Amino acid sequence: MTGNLCPVMDENFDSEDGIFGDNGKFFREVDMSGFGNGEFEMATDSSANSYDGHVFNITDCTFNVTHGNSYTESTKNSLTPLNISAIGTDQEFDVEGYTKACSAVSNSTSGSVINPVQSARLSTRRSASIQFGKVEVRAKIPTGDWLWPAIWMLPVDNVYGQWPQSGEIDIMEARGNGPKYPYQGTNYVRGSLNWGPNHILNRAYKTYGWWTMRRGSYDEDFHTYSLEWDENFIRIYVDSRLHHLLDLKVKKSFWDFGEFPPMISQGAESVALSNLWVNGTKAAPFDQKFYLILDVGVGGTNGWFPESDEKPWYDRSQTAMGEFWRGRDKWYPTWPQDVGKRSLVVDYVKMWQKC
């Protein structure tokens with residue numbers, strides 16, 4: 001990168017002081033909506049259990065802070081930019097979204113279950129963000145079938161509209177399934193960008209890649225996952241720039257790169273599609289401030305785990321989470337008893353702003 005880099009965050013986790021809390025570096029999201037992917041975990045620090053017929057409410061649900069619409073709606077097809085803060089206290093209260101994010105009801109007749117796995121989702125949305133610069137995270141990914149570790153970024157302000165209009169930067173995503181898993185297991189890590197006028201026209205397939213370890217897998221040791229990003233390029237790599245998951249030179253606008261159709265169907269009508277990023281730079285929507293997220297998802301119905309004989313649920317099933325849970329005799333033994341081996345273990349997080 002040309003120019004100077006100014007440090008924004010340098011956290012080695014040597015002490016618990018200053019990590020969480022009102023002025024902490026990391027914000028702990030509490031949510032059980034599935035985060036738009038139909039994931040099966042609940043992001044919470046609660047140790048409570050629940051049973052059939054029970055309405056489970058998670059304490060200190062962060063829906064009002066994390067703007068639940070962007071997580072609880074799996075079908076994100078609005079073409080109208082919202083131009084509102086992701087922190088968003090100025091939005092009308094969404095009762096349906098709050099209920100979905102903050103509570104769940106089990107029902108043995110319908111097959112509905114309460115999110116059966118507890119996990120965590122940490123972000124720097126309140127403490128640190130960058131608009132062009134560098135991110136470096138040294139971490140060890142978890143072992144265990146259907147675990148979904150991720151190091152990624154979302155915009156602080158949805159300048160160009162809701163997801164994926166304002167973009168998403170995935171520095172690392174992986175699957176906890178072992179190297180024999182036919183759809184890229186723990187010996188693969190993947191990086192990508194999500195962007196487009198709606199979820200159907202998301203052009204992530206144009207901006208993704210992976211790196212594979214030919215001997216061993218990424219859950220066996222720590223590796224450094226990095227993003228370098230400015231107006232002219234976006235590079236995502238593991239351990240070395242030579243091991244790049246994505247190396248994209250921004251030669252033209254993302255609107256031109258996306259080759260979007262001039263018209264789309266919206267209900268029974270055809271609507272003209274105009275450039276959402278016309279007022280941005282050629283790097284738009286990746287020309288705004290993004291914050292960092294660290295999380296471990298479990299399962300999901302968005303296709304991250306392709307349909308296969310070994311998969312215990314079907315994405316289009318109305319009871320996918322229940323099917324996953326009923327198949328636990330097969331997948332739970334693959335989760336190590338050692339908590340550290342089934343966790344995303346983070347050694348350090350560093351962020352620099354181009355200055």
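N194 is buried, with a relative accessible area of 10%; buried denotes under 20% relative accessible area, exposed over 50% and partly exposed the range in between, computed with a 1.4 Å probe on protein chains only. The model is predicted, so that local features require pLDDT of at least 70 and side-chain atom pairs count only at pLDDT 80 or more, while totals for chains, interfaces and linings use all residues. Residues are numbered from 1 along each chain as its sequence is written, and side-chain values use heavy atoms, with hydrogens and water left out.

N194 belongs to strand β12 (residues 188–194); strands (E, at least two residues) and helices (H or I, at least four) are DSSP runs numbered from the N terminus. The side chain of N194 forms a polar contact of 3.0 Å with that of D170 and another of 2.8 Å with that of N202. A polar contact is a pair of N or O atoms within 3.5 Å; within protein, one atom must be able to donate a hydrogen and the other to accept it, and residues adjacent in sequence count only if both atoms are side-chain atoms. Apart from neighbours within four places in sequence, the residues in contact with N194 (heavy atoms within 4.5 Å) are W163, P164, G167, E168, D170, N202, A204 and F286.

N187 is located in the loop between β11 (168–173) and β12. With 11% relative accessibility, N187 also counts as buried. When residues up to four places away in sequence are not counted, N187 touches P179, W211, T212, M213, G216, S217 and Y218.

Across the whole structure, 30 aromatic pairs are found. Rings of Phe, Tyr and Trp (its six-membered ring) pair if their centres lie within 6.5 Å; planes under 30 degrees apart count as stacked, over 60 as edge-to-face and the rest as tilted. The ring centres of F40 and W313 are 5.1 Å apart and the planes stand at 80°, so this pair is edge-to-face. Because F40 lies in the loop between β2 (27–28) and β3 (41–43) and W313 in the loop between β19 (290–298) and α5 (320–326), the pair ties together parts 273 residues apart in sequence. Both F40 and W313 are buried, W313 with a relative accessible area of 3%. W313 also pairs with F305, with centres 6.2 Å apart and planes at 75°, so that pair is edge-to-face. F305 counts as buried at 1% relative accessibility.

Charged groups also lie over rings, the criterion being NZ of Lys or CZ of Arg within 6 Å of the ring centre and within 35 degrees of the ring normal. R28 is placed over the face of F20, 4.0 Å from the ring centre. The charged end of K350 lies over the ring of Y348, at 4.7 Å from its centre.
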